[in-house]
Amino acid sequence: MRDSSRRDLFPGALELMVLRSLELESLHGYALAMRIQQRSRDLLQVEEGSLYPALQRLLKGGLLEARWEISATNRRVRTYSLTRKGRKHLAHETARFDQMIEGIRSVLSPLPDPDPQS
């Protein structure tokens, strides 16, 4: 993420986006960053300094697994995929995130006019 936008993310939002991006297929770091950027319609740009520490946290937590492969461009790349624990975590955290968004949306919705007669 750009530094200015990173401060605005909810805690754990990057990890959640990584897990969701890996739900259907394994990806290497650069492809993962591009996937997040594309799916956010270019609103979010994940920088290496944010992405790789997040990947390490997810690996340490057993939510991802990684393996070395040769890419389509004939480069050696480390690809990441979800573990069973990662899929459960993604489902749980997505539900929790949706609740948080709903709560924020409720707070931000327009307040009723305190005196509609005036």
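**View 1. Ser-50, a buried serine in helix H4.** With a relative accessibility of 6%, Ser-50 counts as buried (buried is under 20% relative accessible area, exposed is over 50%, and partly exposed falls in between, using a 1.4 Å probe and protein chains only). Ser-50 sits in helix H4. Helices here are DSSP runs of H or I with at least four residues, strands are runs of E with at least two, and both are numbered from the N terminus.

A word on the model before moving on. This is a predicted model, in which local features need pLDDT of at least 70 and side-chain atom pairs count only at pLDDT 80 or more, while totals for chains, interfaces and linings use all residues. Residues are numbered from 1 along each chain as its sequence is written, and side-chain values use heavy atoms, with hydrogens and water left out.

**View 2. The whole chain, end to end.** The protein chain has five helices and three strands, and they follow the pattern α-α-β-α-α-β-β-α along the sequence. Its radius of gyration is 18 Å, well over the 13 Å that the globule rule gives for 118 residues, so the chain is more spread out than a compact globule. That radius is taken over C-alpha atoms, and the rule is 2.2 Å times the number of residues to the power 0.38. Along the principal axes, the C-alpha atoms fill a box of roughly 70 × 30 × 20 Å. Of the 118 residues, 33% are buried. The chain carries 19 positive and 15 negative side chains, and the centres of the two sets lie 10 Å apart. Lys and Arg count as positive, Asp and Glu as negative, with His and the chain ends not counted; each charge is placed at NZ of Lys, CZ of Arg, CG of Asp or CD of Glu.

**View 3. Helix H2 and its surroundings.** Seven of the nine residues of H2 (residues 13-21) are buried, so this helix is largely enclosed by the rest of the structure. The buried residues are Ala-13, Leu-14, Glu-15, Leu-16, Val-18, Leu-19 and Ser-21. They pack against strands E1 (27-28), E2 (64-70) and E3 (76-82), as well as helices H3 (29-39), H4 (48-60) and H5 (84-108). Contact here means heavy atoms within 4.5 Å.

**View 4. Arg-41 and Asp-42, with positive phi.** Most residues other than glycine have a negative phi. Arg-41 has a positive phi, near 55°, and Asp-42 has a positive phi of about 65°. Arg-41 is exposed, at 74% relative accessible area, whereas Asp-42 is partly exposed, at 46%.
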